[in-house]
Structures are given as structure tokens and as C-alpha cells.
Amino acid sequence: VAVVRIQSSARAYFARNVVQRKREAKRLLELQGVAAALIQRILRGHYGRTAWEVAQRQLTLQDRAAPLYSRLNVLLDESREAADARDDATKAHAEAQVEVTQIEAELRELSRVGHDTWDTGRLSQGYVQRYKTSFLKHRIIELLANKRAAVVEFADMAREKTIVARDKARLIREVQREIRPLADGLAERTRRERVHRLRTNVRRNAAMATRLQKLTRGVVCRQAFDRLLLRGVDQWLVLECELSGDPYFYNRFTEERRDVRPLELDYGVIVSRRDFCMRGRIGRLMQEARDAGTLQDVPDDDPENQTVQTPVDTMPSMTTQGTARFTWTSFDGNRPPTLDQPSRASYDPSLATSFEESEQHIDSVQEYG
């Protein structure tokens with residue numbers, strides 16, 4: 001029984017492996033078929049659109065190319081006629097040469113024998129008749145002279161027809177040379193221009209998509225950074241849903257709930273000193289003024305422009321104006337102000353204490369990490 005069960009389990013295991021491999025092979029074949037069909041469809045579409053563009057350009061150049069095509073057709077007809085006449089003259093010249101050779105052979109044979117009569121069909125268009133040998137010699141000599149003259153005439157005619165055919169072929173090449181930039185070169189030029197245009201569009205679209213993604217990421221990161229500077233690192237709490245048990249993120253200031261991790265939690269490790277997150281000289285002056293307990297903000301006409309002033313006896317006399325990324329304002333209960341709200345209060349000891357505690361908490365987190 002145990003052996004049977006072991007064999008059954010082994011056969012089932014091997015069968016499952018075989019079935020799994022067959023299913024995987026079938027799935028790969030289906031994927032390859034779909035991919036091949038997609039590639040074929042794309043190629044057919046590309047070739048079809050290219051042919052359509054070539055046809056459209058040929059239609060636009062039809063007015064310019066019509067006289068050339070008409071002349072080309074006339075020259076082709078004349079060239080075919082000249083070639084036929086040349087071939088006929090060449091054939092007649094060859095036949096005349098063969099007849100001259102045969103007549104010369106018959107004349108030599110007639111002169112060699114001494115019979116009074118001779119049977120031949122050369123004088124009667126193929127019908128064999130008997131002639132006197134003396135009379136037949138004179139007639140064959142005359143016929144040989146005529147055939148030799150015909151051979152010369154056919155040779156001259158074949159030479160003239162050959163020259164005419166060559167002239168027609170030269171004219172055809174000239175017309176084709178004029179048509180080639182409009183017709184033959186048009187198709188290849190259209191294909192190259194289409195490939196270049198498509199490649200340029202793809203690269204431009206990719207560059208624009210990359211730029212849009214970069215700008216979007218920059219806006220999102222700057223907004224998250226501003227929220228982090230305004231409300232601190234401890235604004236988000238990680239809680240657990242009572243129904244599903246999945247974790248979610250809750251903002252204790254805005255009462256916002258998210259299932260996706262906020263960016264503020266990723267940036268919290270680099271803002272242990274929020275004054276240094278500001279750019280340039282303003283951040284350093286604000287840090288020194290805060291350490292001395294003499295921080296005072298004076299709003300200008302533009303809410304985003306603030307002037308940081310410090311007493312003369314506390315630090316060197318200087319006034320620096322710049323654009324701040326956040327504002328120091330009084331808190332309404334436990335809620336901080338919005339990003340676009342201008343500064344309306346000067347130094348607040350409780351606010352500075354809360355900021356120092358928050359910084360100490362961040363430093364302790366970093367040391368623990």
C-alpha cells in the first residue's frame with residue numbers, strides 16, 4: 001500500500017510539473033503570437049502611411065512632371081520603333097550574307113563541272129528548272145552582284161537604325177534624369193523625412209514628458225517641504241484602521257487622512273534645523289537672531305517679502321531683505337497658519353520653546369536612527 005501511494009504521489013507530482021511546463025509554454029506562445037501580431041500591425045501601418053505620403057507628394061508634383069512624362073512616353077515609342085527597324089535591318093543583312101555565301105558556292109560548283117545544262121531553283125523562286133550552263137553562269141553572276149549590293153545596303157541601314165536607337169535611348173536617359181528628382185528621389189526622400197520627423201517627435205515628446213515630470217516632482221516636493229517647515233515633523237501620525245487593520249496616515253493639524261505615505265516623513269531627516277533650510281544669508285541671520293532672543297519680523301507691502309532686523313548692541317548693524325519660505329506667526333490653539341498668511345507677531349518665547357523641543361526630538365530621532 002505504501003509503495004502504491006508513493007508511486008501515485010510521484011506520478012501526480014511529475015504530471016503536475018509537466019502540465020505546468022505545458023501551460024507556461026502555451027502562455028509564452030500566446031504572448032509571442034500577440035506580440036508578433038502587434039509588431040506586424042505597427043509595421044503595416046507604418047508602411048501604409050509612408051506609401052500614402054509618397055502618393056500625396058506625387059500628386060502635388062503631377063503638374064510639373066506631366067510634360068516630362070508625356071515626352072518620355074513619346075521617346076519610348078520612338079525608341080521601340082527604331083529598335084524594331086534596327087533588328088529588321090540586321091536580320092536582313094544576315095540573310096543577305098547567307099544567300100551571298102550560297103550563291104558563291106553554287107557558282108564555284110557550276111564552274112567546276114563541264115555539263116551543258118544545270119538544274120537550279122535560284123532563278124525561279126525555289127522551283128527547280130533546267131538551264132543552259134553558259135546562260136546560268138551569267139545570271140548567277142548578276143544575282144551575286146545584286147545580293148552583295150543588298151548586303152552593303154542592309155549594313156548601312158542597320159548602322160543608321162542603330163544610331164537612331166542610341167539617340168533615342170540618350171534622350172530617354174536625359175528625361176529620366178530630369179524626372180528622377182521628382183519621382184524616384186521623391187519616394188526615398190519622403191521616407192527619410194518621415195523617419196526623421198517621427199524620431200524628432202518621439203524625442204521631443206520624451207523630453208517634454210521628462211520636463212513635466214521634473215516640474216511636477218519639484219512642485220510636489222516643494223509643497224511637502226513647505227508643509228514640513230510650517231508644521232514640523234510630528235504633524236503626521238501612523239494609525240491603524242479598526243476595520244481592516246491596514247495602516248494609514250493622519251495629520252493632526254489638518255485632520256487629513258491618507259493611505260499613501262506623505263513626503264514630509266521622507267524629508268523629516270534633513271530639517272533638524274529649520275532655519276538653515278532657508279537659502280543664503282537670511283537663514284544665518286535668523287538663526288543668530290533666534291539664538292540671541294531678538295528675532296523680529298516686519299512685514300512689507302508684499303506679504304512674501306520680510307525684513308529681518310536685529311539690535312545694534314546685540315549683533316553687527318545690517319539689514320537683510322529676502323523672500324522667506326515660511327512665516328513666523330502666532331498659533332491659534334494647536335493649528336498653525338496657512339502658507340500664504342503674512343507674519344503679524346514678533347518674538348514669542350513659547351513658540352521658540354516648542355521649536356526647540358521639536359528640534360531636540362528630531363536630533364534624538366536622528367541619533368537613534
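**Terms and values**

Analyst: Arg-197 lies in helix α4 (residues 184–231); helices (H or I, at least four residues) and strands (E, at least two) are DSSP runs, numbered from the N terminus. This is a predicted model, in which local features need pLDDT of at least 70 and side-chain atom pairs count only at pLDDT 80 or more, while totals for chains, interfaces and linings use all residues. Residues are numbered from 1 along each chain as its sequence is written, and side-chain values use heavy atoms, with hydrogens and water left out.

User: Why is Arg-197 called partly exposed?

Analyst: Buried means under 20% relative accessible area, exposed over 50%, and partly exposed in between (1.4 Å probe, protein chains only). Arg-197 has 35%, so it is partly exposed.

User: What makes the link between the side chains of Arg-197 and Glu-53 a polar contact?

Analyst: The term requires a pair of N or O atoms within 3.5 Å; within protein, one must be able to donate a hydrogen and the other to accept it, and residues adjacent in sequence count only if both atoms are side-chain atoms. For Arg-197 and Glu-53 the contact is 2.8 Å.

User: Why is Asn-251 described as buried?

Analyst: Its relative accessible area is 2%, so Asn-251 is buried. This residue is in strand β4, and its side chain has a polar contact of 3.3 Å with that of Gln-235.

User: How do you know that β3 and β4 pair?

Analyst: Two strands pair if DSSP finds at least two bridges between them. β3 and β4 (residues 247–251) have five bridges, in the antiparallel sense.

User: Why are α2 and α3 called roughly antiparallel?

Analyst: Axes are lines fitted to C-alpha atoms, for helices over the stretch in contact, and angles run from 0 to 180 degrees between N-to-C directions. Angles under 35 degrees count as roughly parallel, over 145 as roughly antiparallel, 65 to 115 as roughly perpendicular and the rest as oblique. Helix α2 (residues 62–112) and helix α3 (residues 133–179) pack at about 160°, with axes 6 Å apart. They are therefore roughly antiparallel.
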